[in-house]
Amino acid sequence: MQLINFIFKKLLILLFSLFLVASLTFFLLKSIPGDPFSQEQAVPEEIIKSMKAYYGLDEPWHIQYFKYLKGIATWNLGPSFKYEGRTVNEIISEGAPVSFILGAEALILAIIFGITLGSIAAIKRCRFPDHVCMIMAVIGISIPNFILATFLQYFFSMKLGILPVARWGSFTQSILPSISLSALPMAFIARLTRGNMVEVLEQDYVMTAKSKGLPLFLIVTRHVLKNSLLTVVTYLAPLCSGILTGSFVVEKIFGIPGLGGWFVTSITNRDYTVIMGVTMFYSSVLMTSVFLVDLIYYFLDPRIKLIPRSASHG
Amino acid sequence: MDKIEDLFIPCKDKNLHLQKVSFVSISFWEDAWIRFKKNKLAFGSLIFLLILIFMAILGPFISNHTYFETHLHLKNEKPSKEFWFGTDELGRDIFTRIWWGARISLFVGISAAFIDMIIGVFYGAFSGLSGGKTDEIMMRFADILHSLPYLLVVILLMVVMGPGIPTIILAMTITGWINMARIVRAQILQLKELDFVLAARSLGAGFSRILIQHLIPNTLGSVITTMTLTIPAAIFTEAFLSFLGLGVQAPIASWGTMASDGLSALRYYPWRLFFPAAFISLTMLSFNLVGDGLRDALDPRLRS
Amino acid sequence: MTPLLQVKKLKVSFKHHFKKIDAVREVSFDLLPKQTVAIVGESGCGKSVLIKAILKLFSSSASIQAEKILYGGLDLNLLTEQELQKIRGKEIGVIFQDPMTSLNPTMKIGDQILENILLHKKSASFQEAKNEVLNLLALVGITDPAIRYYQYPHELSGGMRQRVMIAIALAPSPKILIADEPTTALDVTIQAQILSLLKKIQETRGTSILLITHDLSIVAGFCDKVMVMYAGKIVEVSDTASLFKDPKHPYTIKLLKSLPRLDVQPNTFLQAIGGVPPDLSTEIQGCSFAPRCFATMEVCTRFCPPSFGLEQRECACWLLDPRATKVKQ
């Protein structure tokens, strides 16, 4: 019963937030003075009129608004402004899978290495491995991903020639981009894991585990990890957000035909329908991931789940 | 030296001085400063930042070039005695432009962090102290705003508002204050249960007085730390925007625009990207180290 | 009888914020088979540090020096971490002070006991081990073991959690059980139950018990031998009866006077011991109790008293030196 309530509330918030984003995007872009066609040179009046009719720009704004919302609800995002004959839906369905694969690679890298580095730092705290890991982590959060990406590209592709410079398709082509994309989240996760794990390692039950004669590896994997990772789970949502926005620059630098690249292009071109459509797509993906993370968190912490059933204390 | 046999007599002075509790009492801020100084990385970064600010002010006057002068016959020159950091594709002196960029990036970063701080502190403190329905509504509103991906919001706003320093700062601060508000609110929630608030109330202090005189000063530690850590994020956002072409316009140089220009020439004229990239990274790194150092120094649990 | 555990000249110090803290200043004692020994002292006197040093259980860096720590012919101080892991749990078990924080909150209690069985009896099958857990739960007095097995620590009461801790420590049948303030975190009524459980275990299994406590009153009727600890050193060793009847060290005398007792005139004031324990980060010249003692002599402030033995008892106090005049008790 508690669970249904919980899900229902979260879903409601999700839908409301999406509505908010849609409306905000619409009104924001509508507020730009002039119309998109005034930038074109010397287009005859009738053509402008018919283009406006095609894009529905000649109707009063509240009609446009409702059509827009209806479009989102039915997942029909309209035609692109700048690319003849292409719809926003097409652009998204071409670019999204590419970005998804890149993002997933970066995510896995960040989680695995982040947790490992953070754990090593926590276990060997205040000694050499800890300092090394944490310095690497600070550098990781301080170097912007586009700088790291260009540096990797320069060094490994242009100078050393051992990895491909750009484009997409083979596994080796995905190595440098996913490393660039995963650096910041990896560093964050490492710091979070270390912070949490240091606290857990100070707990009495770790002392109990040690007194049983358990070797360090078992102490960490059985008793420490699960209790340290809850905070990392809460970070998952901002993590996805960061990887998503990071993809804009990384895809641009490596020439990857993903959605991020398209988004950047549409911004430079002021292709408003694409901007709006992709924004809605991104927001839906991110807000859904927040919702899923909340759900995971709810299931992971037994104290939240079990408190109603507890026996008497003391 | 007495012989030990003679010492079996009642004692006159019992080393009672050993019983005195001895520790020197120093204020919270003094203690924090001492701890901060002990952290060599943090302290070193602070020195670096001070030098950077100094150079940002004086740097453009050191070389005898301006940031906008073009020397078209000397474009894309390697670093030399004449142009210490080389020239860009329009023959402009990169050294001077770096310090101009420093002014822009630092100004944008610090202003945005400062505005975030003001809005966030008051929003969070007000919400936290009010409690009840007001707190719930205010935080719900903030949560919904926060669920929009930050960079996405900033990008959209820049598309709408057009480039320029004021618009960048505005775009960054519209949702950037939420983090600070949450932190301040959490602190206030803890503090308001403490007895000194009860004491103030029973002496007749009103809501705003308690807020301004009692609670906010006690949150200063977290506020300063968070603000220090917001600056590198703001510098990053500006660089990111400029990289996408949404930042400041030519001929004004920000590190982000310089990096963006330098990218296309990476293969043949790497110094054009190297200098802005290095400065962005080092500055962000320094602010992060100082912020970390502040966080550790101001943590009351670690007081010795 | 050869002692089960022999500790000789153990010293433990920590480095904390560039200061060196001597938590244990030189301790020697023996533990015989089937013997129950109590180590009694105030908070901060080093008793918990002492037992953690024996098994090297510290999480932060501590400097442990000893002439020897002998168990079963092995010097524990010289063993590697892997070799120590074989001793921990299986030969020497530990019961910690606060059962709420000493149990993993996200692991079922049955599994926590099971872990200790499977770790040391590699040949046991899963089902055998599980039955063993249920037996242990019943042995320590937990009702409905089959249901309790699947519960989490926060679902049990304090007394039950401590029983689970005892079950965990008992599971590999160790020869020595170290109980670090096992009753401090519990209500007084539960304290008695836990103590009698420990006594029962000691009698049925013949385990030696090393009991750490700050509360002298639980020692009577439970332990054979008592060691009184102050500021990192053992100041008096005695069998329990003699200690209560005729304490020798001024600290022990004062401790006993501060306990509420039934055999004293009503309306007698409890006497607190004035002063504070010494700062362990500084060198202490002379006897560490001297500033708070009622019978201090000049020699006490200059030289540290050695341990004087009489019959089976020991006491580190200059008053026992034959050269001391009879200063009033």
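## The crossing of H7 and H10 in chain A

In this predicted model, helix H7(A) and helix H10(A) pass each other in a right-handed crossing. H7(A) spans residues 171–201 and H10(A) spans residues 230–254, and their axes come within 8 Å and cross at roughly 160 degrees. Because angles over 145 degrees count as roughly antiparallel, the two helices H7(A) and H10(A) are therefore described as roughly antiparallel to each other.

On the H7(A) side, the contact is made by Leu176(A), Pro177(A), Ser180(A), Leu181(A), Pro185(A), Phe188(A), Ile189(A), Leu192(A), Thr193(A) and Asn196(A). H10(A) contributes Thr231(A), Val232(A), Tyr235(A), Leu239(A), Ile243(A), Gly246(A), Ser247(A), Val250(A) and Phe254(A). Sorted by class, the residues of this contact between H7(A) and H10(A) comprise 13 nonpolar and 6 polar, with no charged residues.

## The make-up of chain A

Chain A contains 13 helices and 0 strands, so that its pattern, read along the sequence, is α-α-α-α-α-α-α-α-α-α-α-α-α. Of the 314 residues in chain A, 49% are buried. Among the contacts in chain A between residues at least 6 apart in sequence, 74% join residues that are at least 24 apart.

## Confidence in chain A

The average pLDDT of chain A is 80, and 85% of the residues score at least 70. Among the elements of chain A, helix H8(A), residues 204–211, has the highest mean pLDDT, at 90, whereas helix H13(A), residues 302–306, has the lowest, at 52. Over residues 306–314 of chain A the pLDDT is below 50, although this stretch does have 17 contacts in the model beyond near neighbours in sequence. Where pLDDT is low, the predicted coordinates should not be read in detail.

## A helix pair in chain C

In chain C, the axes of helix H7(C), residues 158–170, and helix H8(C), residues 188–205, come within 10 Å and cross at roughly 20 degrees. Because angles under 35 degrees count as roughly parallel, H7(C) and H8(C) are therefore roughly parallel to each other. The crossing of H7(C) with H8(C) is right-handed.

The residues of H7(C) that make this contact are Gly159(C), Gln162(C), Arg163(C), Ile166(C) and Leu170(C), and they meet Ile190(C), Gln193(C), Ile194(C), Leu197(C), Leu198(C), Ile201(C) and Arg205(C) of H8(C). By class, the residues of the contact between H7(C) and H8(C) divide into 7 nonpolar, 3 polar and 2 charged.

Terms used:
Residues numbered from 1 in each chain as written. Chains lettered and ligands numbered in written order. Predicted model: local features only at pLDDT ≥ 70, side-chain atom pairs only at ≥ 80, totals over all residues. Heavy atoms only, no water. Axes fitted to C-alpha atoms, helices over the stretch in contact; angles between N-to-C directions. Helix = DSSP H or I, 4+ residues; strand = E, 2+ residues; numbered from the N terminus. Parallel < 35°, antiparallel > 145°, perpendicular 65-115°, else oblique. Left-handed = near helix turned anticlockwise from the far one by under 90°. Contact = heavy atoms within 4.5 Å. Nonpolar A, V, L, I, M, F, W, Y, C, P; charged D, E, K, R; others polar. pLDDT = per-residue confidence, 0-100. Buried < 20%, exposed > 50% of the residue type's maximum accessible area, 1.4 Å probe, protein only.
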